[in-house]
Amino acid sequence: MSGGGEVRWKPAAPGQPALELGAVRAWLFTDLHLGAQAPQEITSFAAALGQAPADLQALVVMGDLFDAFVGPEQWEEPAFQPLCAALSGLSGRGVRVILLRGNRDVLLEPADGARAGAEVADSVLLSTAGGRVLVTHGDQFCLRDRPYQRLRHWLRRRWLRALGRALPYSWRLALARRLRGVSRQAVARKPLDVLALVEPAVVEALEGHGAAAAVIGHLHIAEERLLAGGRRLRILPAWEPGRPALALTPAAQSLESPGFMSAAGPSQRTPVVTLDGLAGSGKSTLARRLAQRLGWAYLDSGAWYRALTWVVLARGADAAAENEVLDTLSRIELHCHADGRVIVDGRPLQAELRTARVDAAVVEVADHPRVRAALDERMRRLRSHAGVTGVVADGRDAGTVIFPDADLKVFVEASREERARRRAAQQRAAGLPVQEQAVLAALAERDARDASRGASAPRLSPGGRQLDNSKLSEEEAVERLLTWVAPLLHPPDAGARAADPTGGRAGPSH
Ligand code: DC
């Protein structure tokens with residue numbers, strides 16, 4: 001969702017030494033977030049390690065093994081004994097056990113691994129037939145999140161770490177809990193794009209290490225990307241009981257082999273629900289409410305068109321000239337908050353998007369096919385943003401064009417009279433003079449214009465469901481949508497994580 005992408009960074013990984021593992025048969029896990037509050041998960045992970053094949057040569061935990069690592073005393077807690085035993089068991093068998101530092105366990109020192117027979121590092125390099133593979137946590141690539149990067153930088157200072165360690169263990173635990181709360185609130189306030197990966201920084205790290213591919217975690221999503229220069233990136237999802245390791249063997253490690261880059265499977269993709277419909281059908285209100293109820297991100301595609309239009313007008317470009325609009329789009333950073341608010345170059349836009357000038361010009365902007373394609377491409381990326389556990393998108397063509405593979409596609413209908421009545425009521429509530437006949441006529445014109453949009457015209461998608469919103473209250477409509485969404489949701493986790501709707505894993509903690 002970034003446009004010109006004016007992100008500056010200091011080379012992250014090239015400066016960071018990586019541990020060379022050579023050509024080894026390795027198991028990779030990431031983002032386990034183990035904590036004494038959920039001992040059954042620790043046992044479950046220890047049991048998974050117990051299944052390691054006899055010829056395993058390296059185990060790489062790619063960061064955030066701990067929900068928070070606050071010092072070596074933690075190993076001695078009864079809940080962590082099975083983990084300690086499992087890791088030591090592997091290293092006792094000659095397996096190299098490597099714990100990479102993530103953001104939750106940034107305080108891990110090399111000496112802290114010894115208790116479990118583990119080495120501690122920031123990154124490792126594996127040699128494969130297809131090239132070298134850089135394995136690292138990945139938070140260092142989320143460079144748009146400047147406050148987090150500053151914190152990261154600070155936490156890596158030796159003197160500060162020594163100072164922290166001098167505190168009593170109980171204080172450190174309390175501090176970690178507090179930090180986690182603060183960080184969760186901070187994440188909720190950040191625009192989603194801020195938490196995303198800056199791909200050129202990954203490419204630079206790969207170049208610095210002479211590597212052809214990177215494997216990272218941190219983002220709590222499962223994805224594969226082709227990067228500049230044919231380099232590859234694989235993002236591993238956070239571990240949960242039952243999720244196997246990514247197993248790399250030197251022979252199967254050819255980067256072109258399907259095994260290396262096989263997607264985690266459609267079931268692990270972020271679910272998307274689309275609500276399309278005619279103007280005034282109530283789809284936006286329903287989409288926003290549905291996203292809130294699900295704790296998902298809301299993508300207001302109309303607001304994206306309006307935001308682009310606002311910039312076009314502000315820069316004096318011609319909304320009717322496709323090239324000028326495209327050029328404007330290529331020069332801006334455009335992204336959104338989880339509640340749908342759109343941000344242009346760091347500026348949140350709301351009232352600006354509803355002016356008569358924008359209303360008039362957005363129609364032209366939305367008519368350019370190449371602009372539509374470019375904007376769709378940016379909107380689609382929302383699905384793979386850190387912390388996004390699901391997306392509810394609304395618009396005209398959200399289910400037909402933007403997310404043709406959406407998990408649930410809804411077409412919201414309401415009679416033109418009912419839509420006109422609601423529009424008029426909205427305008428009256430906003431203190432505007434209203435003429436019902438004029439509202440009806442404007443809607444008829446808008447319907448006709450929308451219908452002439454070819455592939456992007458609002459229509460029921462094949463396999464989609466229709467929601468007649470003429471007679472339902474908002475509450476009833478949302479409840480009905482929730483019953484349709486229910487089959488997409490995983491049953492809630494039992495145990496300690498049930499209290500936390502995100503399971504403690506809905507994205508990185510910065
Ligand atoms: O829903 P809205 O009124 O905020 O939409 C603003 C404009 O953008 C409107 O002219 C329709 C257009 N639009 C579109 O063409 N495709 C979408 N997916 C969403 C909106």
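Visitor: How far does helix 1 reach from its first C-alpha to its last?

Guide: Helix 1 (residues 39–50) has twelve residues and reaches 17 Å, close to the 16 Å expected at 1.5 Å a residue. The expected span here is 1.5 Å times one less than the number of residues, and helices (H or I, at least four residues) and strands (E, at least two) are DSSP runs numbered from the N terminus. This is a predicted model, in which local features need pLDDT of at least 70 and side-chain atom pairs count only at pLDDT 80 or more, while totals for chains, interfaces and linings use all residues. Residues are numbered from 1 along each chain as its sequence is written, and side-chain values use heavy atoms, with hydrogens and water left out.

Visitor: Which residues of helix 1 are buried?

Guide: They are E41, I42, F45, A46 and L49, where buried means under 20% relative accessible area, exposed over 50%, and partly exposed in between (1.4 Å probe, protein chains only). Seen down the axis of helix 1, these buried residues fall within an arc of 140 degrees, so they line one face of the helix; the arc is that of the directions from the helix axis to the C-beta atoms. An α-helix has 3.6 residues a turn, so residues three or four places apart point the same way.

Visitor: And what do the buried residues of helix 1 pack against?

Guide: They pack against strand 2 (26–29), strand 3 (58–61) and helix 2 (81–92), with contact meaning heavy atoms within 4.5 Å.

Visitor: Which residues of helix 2 are buried, then?

Guide: In helix 2 the buried residues are L83, C84, A86, L87 and L90. They cover an arc of only 165 degrees around the axis, which puts them on the same side of helix 2. What covers them includes helix 1, strand 3 and strand 4. Helix 2 should span 16 Å for its twelve residues at 1.5 Å a residue, and its end C-alpha atoms are 16 Å apart, which agrees. After helix 2 comes G94, whose phi is positive, near 95 degrees.

Visitor: Switching to sheets: what is the strand order in the open sheet of five?

Guide: The order is 5-4-3-2-11, with mixed pairing, and two strands count as paired if DSSP finds at least two bridges between them. Strand 5 (118–121) and strand 11 (246–248) are the edge strands, each pairing on one side only. Within this sheet, strand 3 and strand 4 (residues 96–100) pair in the parallel sense over four bridges, and V61 has L99 in strand 4 as its bridge partner.

Visitor: Is strand 4 enclosed or open, and why?

Guide: Four of the five residues of strand 4 are buried, so strand 4 is largely enclosed by the rest of the structure.

Visitor: Which strands are at the edges of the six-stranded sheet?

Guide: That open sheet has the order 1-6-7-8-10-9 and mixed pairing, and its edge strands are strand 1 (19–22) and strand 9 (223–226). Strand 9 and strand 10 (residues 232–235) pair in the antiparallel sense over four bridges, with R234 in strand 10 as the bridge partner of E224. R234 also has a C-alpha separated by 7.8 Å from that of A213, which is 21 residues apart from R234 along the chain. A213 lies in strand 8 (residues 211–216) and is buried, with a relative accessible area of 0%.

Visitor: Which helix lies across strand 8?

Guide: Helix 6 (residues 199–209) does, and it also lies across strand 6 (123–128), strand 7 (131–136), strand 9 and strand 10, running at about 125 degrees to strand 8. Axes are lines fitted to C-alpha atoms, for helices over the stretch in contact, and angles run from 0 to 180 degrees between N-to-C directions.

Visitor: Which residues touch the most other members of the largest nonpolar core?

Guide: Of its 40 residues, these are L299, W304, L308, L334 and L375, and the largest share, eight residues, comes from helix 9 (residues 301–314). A nonpolar core is a set of buried Ala, Val, Leu, Ile, Met, Phe, Trp, Tyr and Cys residues joined through side-chain atoms within 4.5 Å. A second, separate core of 32 residues includes L34, A46, F80 and A118.

Visitor: Overall, how much of the protein is buried?

Guide: Of its 510 residues, 52% count as buried, and the protein has 16 helices and 19 strands.
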